[in-house]
Amino acid sequence: MSEKRVRGSRGKKNKAENGPPKVMDSNPGKAFGRAHQTTYDRKAEGAEENRPPRPDRREQIDAAAIFGFIDPDIQQYFKGVEQTLDELNFETAEEQQLFLENVYTEVQGKELVLATDHSCSLVLEKLLRASNDFQLRVFFDKFNGNFLKLFTHRFASHVCQTLITLCADSVEREVRSNETKSKEELEVPKEDGVLLSAEDMILNMCRQTQEEFTALISDPFASHIIRVILYVLAGRTVADDGSGKGNVRSKKSAKYNDANNSKTNAGAFRPTRLVPPSFKEMLHTITSTMMNGLSASIVRSLAVHQVANPVLQLLLEVLAKDNEEAKDELVDKLLMDITREEEPGHKNNDRDAYVETLLRDQVGSHLLEMIVKVASPVLYQKFYTTYFRGRLVKLSFHPIANYVIQQFFVKAKTPVQLEMMVTEVLPEFSNFLKFGRPGVIRAIVEACKNVGACHKEVIKGLCQAFHTNTPIERKEFLHVVLHMETYEQLMERREAQESTKPKFHPQGAVILQLLLQYPEEHSKIVVDSYFAQKEELMYAWTMDPTGSHVIEAFLTSSTLNLKVKRKILKSFMGKYHSMALDKYGGHTVDKCWAVSDIDMKEKIATELLQHEQALSQSFHGKFILRNCKIDQFKRKKEEWVEREKGIERKKDMFKDILGDAVLATAHGKQKAENSVGEDLPAPNPKMAELGFGGGIAGVKTVTEKKKKKKSKKSSEDPDKMLIKDDDEENQVKDKYKSDEIDKLFKKRAHGDSATPKKGGEDVEMESADEDSDTDGSDVEMEEQPKKKKKKLSKDMAMVLDAIDATKKKKKSKKSKSEDKEEKKSKKDKKDKKEKRKFMS
């Protein structure tokens, strides 16, 4: 019987010689082999020579150092470089640049060795972030021809990722300046060759590696670089610090970057960047190569691969914007020709089983989310009818599939679809809240905001879920949503007088922000609940990391009444200086300042000026003083007022484009009311000569319209209205009895043309014939010069044409309104047919 072996003790001395006897293996051949393996090599003569060598730690290190080992002196030097880069105690930019040049001189020729070393690669990343464009291009050139080895290396892959990200910024600067050569480039010796631009370097790298992209998708180190290259070529910004949607680093790498490279990281995150046309062409080439190299079976296996899945997600997202056909082709490979038309009632059991697998798979569900996100309306409807209709509630409670359902709700295409989905899940709102699925509720609220439908139903469902049905209970609507608890739970907590302050729920804050973007009649429940709270409590929320976002949503909402925003701003008077000292309250002060009118800004500035010393000593307060220009307000108040008025005027000019998120003043309101009159053309002096009093026929001012509206409201008796109309008609007739324009208009109505022909001779003849009936008119007409007669007749004819044009416009408006009604009725019929179709 063979002796017992410890797991993993092959080639080592047996540690269980005196232990209990081993149980016989079910496979006798296997047991015999193990017995020989453990006894023969140890006891035989010359066993030490015949035994294969054990894997040594040194061999593993040698395998990692593919370009050789770094000298210990260089390692020590790089530790000092890292310390200097962390401190950044350079007096001038020239001193920093001189230091960087010395470092690059020291590492010249050792770039590949440094990139593959563990400690030195970390210092290299910091060095690259502090370098200028020329130094980056020189360093990039040293990697030429070795990109595949570096991409798949554990340490060098991070250096390549940082280098590509920084060179993408250089490409954007090249595009902006339209210059590929700089003054520094001229200093390169001729024997070293020509240094390529950042654009050409990235394109050259892609040409060298594009054939291997399909194999690199599943590589644990290279897959991150593939994603970075796709981001850069598509013109999207990579968030290299772990924040933002463009983050492609692992959690561990992003955390290290955030902690150690925050000083050298770039500024604010921007979602897109400028790229040259050659990048779009290269992106199309790479995506085509990847699509051709991936078969349907390989793609489906990669869909549940932890490393390759994010690359497929990004590939779908990029193709959805640039190449719709290629996107559909990739979806077809993943889901077995799902985008193609099929016969009614046709079922693909393999595809159905695969979709169910993706729905419940921890990795594959992310890819299914992306497919739903980029799906066309036809494919979206197919998903709904085939996989989700009647199962939305069940899938919403699943720990993994609920995220796919959330994305499905957010991407709803039509009001009819949304109405059917909301009807299905609305009764389960209370259970979503009870069993910890607030994300589903948030997705439904967001879908209603996006589509613009089902607002009333969702508000009603929220009130039932949070048990806020009566007016008294609805005063606490803000609290129950923000804490994601029912009204009874809120009251129990208050009665218990818990000392620990409960944290606000992030999903509840997002729901309130979305509700404030609903139309005013539907967001009224949130506004009423806000003003039912104490001002001290709302002030405390401004300094909370979650509650401050809700307060800011009130101020930036484009649907809320301006009076509501003014009331909120007044409630914070006397507290702006203390809010400005806080990290989160400072952001709220900025939002208050952005929506304030000139009077409110002056009050806020006066309050901040009184506490200028305390604010100037605060880290956050200094930014508020700078943003509000308090120094200018103190020294040159008139210039400050003129500057703020200029900003207000610009906001008023672009209000239609930017949205009504700006708080208008009383002067601004008056200006908006009179804007109709300002758009009218200037009165023509010739019109005054014709008896129009400097005005224009058929145009009424705003004040006249208001008077007319008031008279209509006051006159409720229909008999009085008829008498009034008759009197007005008689007055008009009396006014135009002796007016020659009225006579000409009458003739025109009977069929006589008053349009001037050949210099207005026909009009002159008609006016002369009409004037012969009146006494003394012939003498007056003969005394006037002929030129004046022609001008007067032309003007009268123009006025008559204008009157006819206004009548035609009125008729056309009536016909347009009738056409709109017909279109509306047809649309309603179409919606009903669609609803019946979906119900069937």
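Select Arg494 and Glu476 to begin. Arg494 forms a salt bridge with Glu476, and their closest N and O atoms are 3.0 Å apart. A salt bridge here is a side-chain nitrogen of Lys or Arg within 4 Å of a carboxyl oxygen of Asp or Glu. This pair links distant parts of the chain, 18 residues apart. Arg494 sits in helix α30 (residues 487–496). Glu476 sits in the loop between α28 (471–474) and α29 (477–483). Helices are DSSP runs of H or I with at least four residues, numbered from the N terminus.

Now check accessibility. Buried means under 20% relative accessible area, exposed means over 50%, and partly exposed lies in between (1.4 Å probe, protein chains only). Arg494 is partly exposed at 36%. Glu476 is buried at 13%.

A note on the model. This is a predicted model, in which local features need pLDDT of at least 70 and side-chain atom pairs count only at pLDDT 80 or more, while totals for chains, interfaces and linings use all residues. Residues are numbered from 1 along each chain as its sequence is written, and side-chain values use heavy atoms, with hydrogens and water left out.

Next, select Arg173 and Asp133. Their side chains meet in a salt bridge at 2.7 Å, N to O. Arg173 lies in helix α10 (residues 156–177) and Asp133 in helix α8 (residues 133–142), so the pair ties together parts that are 40 residues apart in sequence. Arg173 is partly exposed, with 43% relative accessibility. Asp133 is also partly exposed, at 24%.

Stay on helix α10 and pick Arg176 and Glu172. Here the side chains form a salt bridge of 3.3 Å, N to O. How far apart are Arg176 and Glu172 in helix α10? They are 4 residues apart, so about one helical turn separates them. Is Glu172 buried or exposed? Glu172 is buried, with a relative accessible area of 5%. Arg176 is exposed at 56%.

Move on to Glu82, Asp86 and Lys126. These residues are linked in a network of salt bridges. Side chains of opposite charge can pair when their charged atoms come close. The structure holds 21 salt bridges.

Last stop: helix α38, residues 598–610. This helix has 13 residues and reaches 18 Å from its first C-alpha to its last. That is close to the 18 Å expected at 1.5 Å a residue. The expected span is 1.5 Å times one less than the number of residues. Color the buried residues of α38: Ile598, Met600, Lys601, Ile604, Ala605, Glu607 and Leu608.

Conventions
Helix = DSSP H or I, 4+ residues; strand = E, 2+ residues; numbered from the N terminus.
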